[in-house]
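Here are some notes for a reader opening this model for the first time.

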Amino acid sequence: MESALGELHNVPLHVLDHIDEHQSIETTVHEIVEKVSQLRASDLFFALDDNALMLGCRQMGILRRFRPFSANFGRKLINHIKALAGIDLGDRNRPSEGRWIFRREDASVIDLRINSIPTINGEDLTIRLLDRNFGLIPLDDFGLLSHELSRLKWLLGRKAGMILVTGPTGSGKSTTLYSCLQQLNDGSRKINTLEDPVEYIVKGIRQSQINPKLGIDFADLLVACLRQGPDVIMVGEIRDPQTAETAVRAAASGHLVLATLHSPFAAKAVNAMVSYGVAPRAFAETLLGVVSQRLVRRLCEHCRVPVDMSPVPDFLNDVRRDLPDDWTPCIYSAGHCERCHDTGFVASHCVPEILVATPEVRRAIADRLMPDVIARVARSSDAHLSFRRAALARVALGITTIEEVMRALPLDELEDPSDEATALPAEEVASLVNATSSTVPPPHHQSLRNTSLSEALVDEQSMRVSPARNDSTDWERTGGNS
Ligand SMILES: [Zn+2]
């Protein structure tokens, strides 16, 4: 199944196949960026070597490739883009970056960040597409389920404390933060942000950009920003001890602090903060909650294919409470049609894990309990909306597929916790852990119910869950020698 997924992800896109290398460079560059922006790709990649230019993009978090071009034509394309971005064409041996504002055919504007590095294979040029038309999404339109939305709004309604948004690079953390800021930006609060870079300009809030070249980092800017008397501070990323400590101090002194942090799941944010030297007790006192997140691809509603649930009728019982009363047991797999460019998917969709710092959770953090125990304590006091619950509800609602969930979410977090003592009171959990040493790794259950279901559907029913294509090869294999 792994290989089928791999092939599915690398189905080539044909939207640039018609380009003739005799047409002008200017027209070609314009056409490439226009088409790629229509696909709502986040990045466009050019990999040049002696033989060819390989062209790819990241669409909804997945690497896709286009047809290759000749090396000669590719060099001209890269040079033209660099010139438009104000990059010196003379020095190909150093990393360089630039910016270019692109006007689309529908007159909307996209901000393009261009970055070029030399590799031993040839030049690599990446264009990051910041589409301001899609960047700012009101929290109500974010695709959160109602119980998730109310939990997040409750967190944002606190006057002071810290809300962390975590997840790997490319998991949409800044989009979530911007939506949260928009929710708070009602004129009743002074909002300052520290960003690297400022991705979207939001009317009504004061946005500052860090500038490492001038020696202005998050920590310095945060200290200065606190003197500006803000009610809300958004810290683009906590990535050093000084920023972590200052952010905690700011949250403790009456500010609402929103920040992103690298951490695979919510309870592990505690480890990240402690690794930056923050005292667990101080952190516990200021923490309001953690949102961890991943992006899955949203199914195209025009071509999604219903999958019979009868072989596994109880699979979604756990999330029945999160589904509408009239929900009928049905899930979907990806199809293909013109509207989704034959991919079966139309957009990225955020799957959140939300952990609220209740008194029990705070005590567990202050007591330096392990992340899995903190999560268990949170579950026992209904302070935890798990990845599993969020993901399965989205499968049940036909928003995404089981394969997407298994691709994008940490598998350990999809485990069924029902065999754990979820109703265990916090003190008992704490004493249990203290007695057994806090270094015991979390148990790993081989028999994930999700895996069994997926296998049941794919193997026993021979459902067409992952339509593999014969003409697909992966980017890496074709990248160097075409
Ligand atoms: Zn479709």
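**Notes on the model**

1. Arg368 sits in the loop between helix H11 (359-366) and helix H12 (371-380). Helices (H or I, at least four residues) and strands (E, at least two) are DSSP runs, numbered from the N terminus. Although Arg368 is not a glycine, its phi is positive, about 60 degrees. Arg368 has 16 other C-beta atoms within 10 Å and is therefore partly exposed (buried means 20 or more such atoms, exposed 12 or fewer, partly exposed in between, with C-beta atoms placed from the backbone).

2. This is a predicted model: local features need pLDDT of at least 70, side-chain atom pairs count only at pLDDT 80 or more, and totals for chains, interfaces and linings use all residues. Residues are numbered from 1 along each chain as its sequence is written.

3. Ala107, in the loop between strand S5 (96-103) and strand S6 (109-119), also has a positive phi, near 75 degrees. Ala107 counts as exposed because it has 6 C-beta neighbours inside 10 Å.

4. The peptide bond from Asp196 to Pro197 is cis, with omega near -5 degrees. Pro197 belongs to the loop between strand S9 (191-195) and strand S10 (206-209). Most peptide bonds are trans, and most residues other than glycine have a negative phi.

5. Helix H7 (residues 218-226) packs with helix H8 (residues 241-252) at an angle of about 20 degrees, their axes 8 Å apart (axes are lines fitted to C-alpha atoms, for helices over the stretch in contact, and angles run from 0 to 180 degrees between N-to-C directions).
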